[in-house]
Every structure is written in C-alpha cells, then in structure tokens.
Amino acid sequence: MSVHVVTPGLLTTVQDLGRTGSRHMGVGRAGALDAYSHTIANLLVGNRRDAPTLEITMAGPRLHFGHAARIALCGADIDAHVGNQAIPGWRPVLLPGDSVLKLGACRRGARAYLAVAGGAFVVADVLKSASTDLRGGFGGFQGRALIAHDDVDIGPSTIDVDDVQVTPWWADPTSVLDFDAPAAIRVLPGTDATVPQDGLFAHHWRIANASDRQGARLEGVPLQPEETSERISAPVVPGAIQLPADGLPIILMADAQTHGGYPVIGHVIRADWPRLAQLRPGDALYFQACTQAQAKQARLDQAQQVARLALAIASRVGM
C-alpha cells in the first residue's frame, strides 16, 4: 500500500522523533519540529509515538489514497478536504479507498502533522531514525522533501469504509498550542557571560522570513555583545539561542548544526519547542527567564498530559 503525491506542497517531509546519539559524529537530530503534535497524531490512529508522520509546512500537498485508511491531522490549523468534506484536526478520520486528501494553507500555526494508521509511512531507517535530514540529504524519503509523483509506502490497513467518517470527539491541544495567546517562550540562561541577556527579555521579537528547520531567525532591536572577537567553535544543540554579529538572535531548531562559533545567550526549554515550531514568519514572541527546576517541571507536566491523552484515546477507540 502507498500514498501517491499528486502535488507536494511547500515543504513536506517524513519525520519521526529524531535521530539521537550521533551528534559526536557531526550528525544532527532532525525529527519533527513540533514533537507534541506529531505524537498526538500517532496516538489518534493507534501508532507508536515515534512512528513516521508527514510534516507539512505552511501549505500542504494533495495525496491520493488508493486504499481506505485511518488518518489524523494535528498541529497547525490547516485547510483540509476530501472532495467537499472538510477534514478537521485532532481526531481520527476514516477515508475510503481512492480518496484525494487536499491539504491547503495553514491558517494558524506553521506546521501540520499527518499520521496514517498501520505503522504509518514506511521508509528505511538511517542511524535508527526515519527522519529526513535535509542538510545532510539522507533519511526519510530519499533524503529530501516530497515531490510530485512520489509514492510513499504505508503500513497495511484493515479499514473498510465507503465514505469519509469523522470521529465526533477530539484531543484538545490548547494547553500546549494556544494560537490565540501571545507566544511566551521560556529560556534558560546561556553559557556566554560576555553578552548582556537583559535585552533578550526587554523586547518583543518577530520570526524572520529567512527562518527554516535549521534555525528561527528573529527580527527586533539588535543586541550588542560586549566582545566581538572571533571564537572557537563549540558544540551546540537545538534550542540554543545564538547571537551573530548583527545582534539579531537565531534559535537553533531540529536541523541545527552540531558546532557553532556564535555566543549562546540562552536555551529555549524543551516544553516550549512545540509552540516555537508553530510560529510563522512575522509572528511575534517574547522570552521569559526560567530556572532549571521550572524547565524540568514544565517538561514533566507536558509528558503527563500526553500520557493522560494516550489513555483517553485508547479508551475511546478500544486500542
């Protein structure tokens, strides 16, 4: 069984929860930028949490399903239809065979995640992950974004329906992804003492057009480091906030390089990565200082919420 790509959308890639344990070899993490939405989409269709999904950026593809399938869309509020039937997010949906799922623009948020039941999208693992590394050109579907006429294998399905069936219940994501609330991103202190960090919290910032899976570039009042001499490159990780010479911070994302020479002025806490991943070019955000204890508690709270959702979903669908 496979899904045929009629049109590919702006940037559609196969992602799982990322590639770990290889940064010492210069291999980045990759994986879903919004791991929360990726995980809930998989739970809604009965997959394991780290099963591959399609990460859809800003505008989605048109996909032909030759066989009936159970799907779920999570993350951004995306325009989705099968024929004249609107496909809502955050719930299981059954599609009959010979369906064309039309995924349009993300109305709110930047990235949507499409999960398909039965083990999801079947691609070869590279270094124990199916994630697409666009910078390295490996993993996922031939190491690249999907293009027209690709056929992506999916797992077997026993679904047999004659029309679209939308589940009446849904998972509520607003505690993690509230698109109506200002984007408050919590930050741990950076490792570079030569950069005054007060300016990071004193202003609102906006996501620049040049942002991508490697880094979210910010626009706003430039920050001025106290020291401008060249530095020796040091290890960096996703979530690190770097300050280049122009004074405009860059937040490293899932496709970040493994080393960098810019000062690191903060680290976005893991619990806020999903909200950060959903910010679009032009969206505003502001930073809040955070302690290690608060960051750990936020991460635990989010994990507990996912666990509660997993139990509720399993009880609804009898998985």
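1. Let's start with strand 3, which is covered on both faces: Thr-53, Glu-55 and Thr-57 on one side, and Leu-54 and Ile-56 on the other, are all buried. Here "buried" means under 20% relative accessible area, "exposed" means over 50%, and "partly exposed" lies in between, using a 1.4 Å probe and protein chains only. Strand 3 spans residues 53–57, and five of its five residues are buried. Strands (E, at least two residues) and helices (H or I, at least four) are DSSP runs, numbered from the N terminus.

2. A word on the model before going on. It is a predicted model, in which local features need pLDDT of at least 70 and side-chain atom pairs count only at pLDDT 80 or more, while totals for chains, interfaces and linings use all residues. Residues are numbered from 1 along each chain as its sequence is written, and side-chain values use heavy atoms, with hydrogens and water left out.

3. Now for the neighbours of strand 3. Two strands count as paired if DSSP finds at least two bridges between them. Strand 2 (residues 11–15) pairs with strand 3 in the antiparallel sense, over five bridges; one example is Thr-12, whose bridge partner in strand 3 is Ile-56. Strand 8 (residues 99–116) also runs antiparallel to strand 3, and four bridges join them. There, Leu-54 stands opposite Leu-114 of strand 8.

4. Next, have a look at the charged side chains. A salt bridge here is a side-chain nitrogen of Lys or Arg within 4 Å of a carboxyl oxygen of Asp or Glu. How many salt bridges does a search of the whole structure find? The search finds nine. Among them is the pair Asp-50 and Arg-48, with the closest N and O atoms 2.7 Å apart. Asp-50 is partly exposed, at 35% relative accessibility.

5. Asp-150 and Arg-144 form another salt bridge, and their closest N and O atoms are 2.8 Å apart. Is Asp-150 buried or exposed? Asp-150 is buried, with a relative accessible area of 7%, whereas Arg-144 is partly exposed at 22%.

6. Finally, salt bridges that share partners join Asp-77, Asp-79, Arg-107, Arg-108 and Asp-180 into one network.
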